[in-house]
Amino acid sequence: MGTFIVTKNKKSPVNASFFLLAFSSFIWQLGNFFILMSTKQNLALFWVKFAFIGIALIPVTTYQLTVNFLKIRRKNFIIILSYLIIVILVIPLSWTKYFFSGVYLYPWGYWYKAGILHPFFLILFATYMFIIFYKLFKVYVKEQSTLERMREKYILIALAIAYMGAIDYLPTYGVKIYPFGFLAAIICTIIIGYVIYKYRLMDINVVLTRASIFIIVYAFILGIPFWVGFRFLSWGLWIFPVSLMAVLATAGPFIYGYLRRHAEEILLREQRRYQHALRELSKTMTRIRDLDQLLKTITSSIVDTVKVSFAAIYIREEDYKSYQLKHCSPAEEKTLFQEFISLEHSVVTMLSEQKRPLLSEEIGHQQGIRLDAGLVVPCFMEDHLIAFMVVGKKFGNHAYASDDVLVFETFSYSASLAIENCIYWHEIEDRQRQARLQEMDTYSYSLAHEIDNPMQVILGHATLLKGALSKANLTDAERKEFGESLDFILECQQRVSTMVEAIRDFGQKATGEHKPLNIEEVVESFSQLYSPQFKANSVVFQKTSQLKEPVFVLGEKPELMQVLVILANNALHAMTGLKEKKVSLNLELAHHDWVRICFLDNGYGIKPENLKIIFKPFVTSKASTEGTGMGLHNALRIVERHKGRIWAESEGQGKGATFFIEFPLAKDVKPEDLEDKEKSRRLF
Amino acid sequence: MNEQKELKLLVVDDEEGIVEYTKRIYSRRGFTVFGTTDGIAAVEIFKKEAPYITLIDVHMPFSPIDGVETLQRIREINKDAICIMVTRITEKDKIQKSKEFGASAYLLKPFELEELDKVIREVAKVDF
């Protein structure tokens with residue numbers, strides 16, 4: 001076993017010292033074996049001395065292993081000194097008659113017989129073992145990492161079992177007791193080997209329970225027939241013990257399985273409970289179609305049922321070339337996570353390579369991901385890491401046992417499926433919404449068209465009546481009153497017509513052809529278009545201009561209007577719930593040949609760290625039902641197409657936001673290039 | 001100046017309200033106004049009455065033929081007929097076609113009546 005461990009990782013000092021310990025135990029056990037097998041006293045004494053080489057080395061090799069395991073430095077001196085004492089002093093002494101005065105003969109064979117010096121060695125041995133145990137225990141008590149704590153617990157238990165091997169010293173001093181020590185030594189070595197080899201350990205309570213049940217059950221199964229055999233074989237009834245053995249051997253596994261299940265049900269009640277809860281969640285979550293809701297359900301269920309300190313989930317976002325933090329439970333913990341984790345992050349690489357949940361100890365300290373004693377669970381879809389969950393430490397500082405990890409791994413399969421499902425539904429809904437929007441688009445465009453006719457009728461008839469008023473037989477007061485009524489009608493007609501015109505401008509298809517546009521006209525069309533929205537949301541909209549003369553930019557009117565509409569939509573959202581809502585727009589010249597639009601609202605503002613990312617796609621502060629997160633990204637694209645620039649400034653949360661848009665001025669604008677808006681008639 | 005009794009105006013628009021107010025306003029100004037909401041009927045009236053000025057709405061979804069075709073047929077009857085097209089800003093191609101078929105001017109809906117007055121004065125060289 002020592003050789004096996006050491007070949008696993010030749011460079012590890014822990015593995016090397018484990019090899020030494022296992023080797024000295026091997027010499028001891030080999031010696032013991034031959035002592036017990038010896039038929040002559042002289043031969044037995046030789047094997048006693050041989051076995052003692054192993055025994056003498058055990059304290060120092062154990063000490064060395066402990067030091068390496070606990071990573072205590074600068075103890076090499078003590079280790080070398082100890083080796084020297086053992087090799088130069090103790091071992092040669094053991095060959096004298098003062099150490100072993102001979103051998104005892106017990107019913108089971110020969111055994112060591114302690115000489116005068118032997119008790120001194122015993123004291124030395126006990127001191128070493130005490131120091132080792134004390135050191136381990138001290139570290140164990142202070143240990144922060146739950147996983148390390150669990151490993152130390154294993155070693156402590158292994159050592160405690162090994163100390164039971166001291167029972168072998170009793171027959172050395174003449175007490176007639178069978179030397180069971182070899183059992184303790186074997187169990188201890190196996191446990192330590194397991195701890196070193198396996199990173200993820202089973203819950204030790206489970207291991208011990210399983211082992212005890214196994215030993216007890218099989219002691220009975222094998223013991224009873226033997227006992228029966230001893231009693232009855234002499235009477236020649238050999239068939240009885242043999243058939244009893246056959247029956248018990250068949251029943252054995254069932255009895256063992258039954259007891260084990262029941263014992264573990266009690267031991268792992270908590271774990272079984274959350275496993276069950278996660279299984280139930282796996283069943284229901286594939287029915288959730290909204291990604292946001294799904295992730296919320298996953299994170300909060302993990303926190304509630306597994307009782308962990310936090311659960312966060314990152315989803316791969318192709319547009320950012322990174323994984324984005326989508327949900328965290330409890331929500332307050334969100335600030336402790338980095339929002340984006342790049343595709344090249346070492347955790348991502350590790351997850352993609354290993355394709356299994358990783359413990360924080362396996363990952364080590366990582367930039368941007370908070371792990372504290374938790375677990376990172378990957379979600380794969382055909383080899384693609386589509387998401388990963390970061391799960392915090394378990395309640396009460398319990399370490400994640402291999403069973404826990406397995407539960408999470410299984411859970412991650414259904415989680416991947418559910419996430420994929422949501423993304424799929426989202427795409428379908430998106431397409432349907434797109435189609436609906438397109439229909440609405442055509443509809444509103446033709447609506448804007450058809451409104452022209454009734455407007456013309458209102459305009460014509462109201463004008464007709466106004467002309468008729470002067471000739472009608474009315475008092476002056478009546479004439480004035482009716483004249484005013486007709487003016488109201490005409491004014492409203494005028495308002496509707498300009499709004500419709502703005503919608504028409506806005507609804508025009510983009511041709512990609514950039515023409516000189518009077519920026520003030522663009523802003524005017526926008527305010528005509530948007531004024532009903534501002535009014536409906538009781539927003540005070542103010543438009544100012546510092547421009548001394550008409551200023552032209554090259555572009556497409558509907559697109560430039562769209563930029564302002566996007567900003568206005570966001571402003572409306574940012575001012576939700578405010579008593580006084582104000583939006584103002586100012587036009588001014590910037591750097592001589594640029595024109596700048598400042599768009600200001602008094603809404604909840606933008607956090608400094610978000611100022612840079614708001615123009616990226618799918619970034620939204622709105623609930624998923626409200627926005628696509630594409631608004632500002634589209635605005636940026638339009639502005640860039642117009643060779644302009646756009647940025648945002650905000651003094652922080654609650655302090656409103658200002659968006660700045662700048663466009664280069666169009667040079668040498670000829671009157672004939674301009675869209676003639678004023679002229680509604682033209683002669684051919 | 002040309003204060004003749006014979007000054008005839010034809011208005012073709014599929015919106016009846018428009019036909020009606022045009023009739024009322026221009027008959028008060030001394031015109032004999034004919035109106036219809038149907039392009040084919042308009043061509044018939046033109047044949048019979050030979051109006052001096054014809055106002056044609058370009059977009060007439062409820063009429064069997066649209067404004068441009070009405071214009072075309074009228075111009076086939078009388079290649080000197082004065083036709084003023086009433087249209088929308090978005091129908092640029094139809095404006096262009098009307099020009100090719102010999103329309104004299106166009107007006108964008110919705111327009112003030114003064115605008116129509118000006119156009120009539122300019123293209124028909126009449127005063128009222």
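I worked from a predicted model, where local features need pLDDT of at least 70, side-chain atom pairs count only at pLDDT 80 or more, and totals for chains, interfaces and linings use all residues. Residues are numbered from 1 along each chain as its sequence is written, chains are lettered from A in the order in which they are written, and side-chain values use heavy atoms, without hydrogens and water.

**Interface**

I looked up the contact (heavy atoms within 4.5 Å) and found 26 residues from chain A and 33 residues from chain B. The two chains bury about 2,700 Å² between them, 58% of it on carbon and sulfur atoms. Buried area here is the accessible area (1.4 Å probe) lost on being put together, summed over both parts. Next I checked salt bridges (a side-chain nitrogen of Lys or Arg within 4 Å of a carboxyl oxygen of Asp or Glu). The rule finds zero between chain A and chain B.

**Sheet in chain A**

I then turned to strands (DSSP runs of at least two residues, numbered from the N terminus). Six of them form an open antiparallel sheet in chain A, ordered E5-E4-E3-E8-E7-E6. Pairing needs at least two DSSP bridges between two strands. E5 (340-342) and E6 (358-359) of chain A are at the edges with a single partner strand each, so one side of each has no neighbour in the sheet.

Which residue is the bridge partner of Tyr323(A) in E5(A)? I found Ile341(A). Three bridges join E4 (residues 322-329) of chain A to E5(A).

Notes
Helix = DSSP H or I, 4+ residues; strand = E, 2+ residues; numbered from the N terminus.
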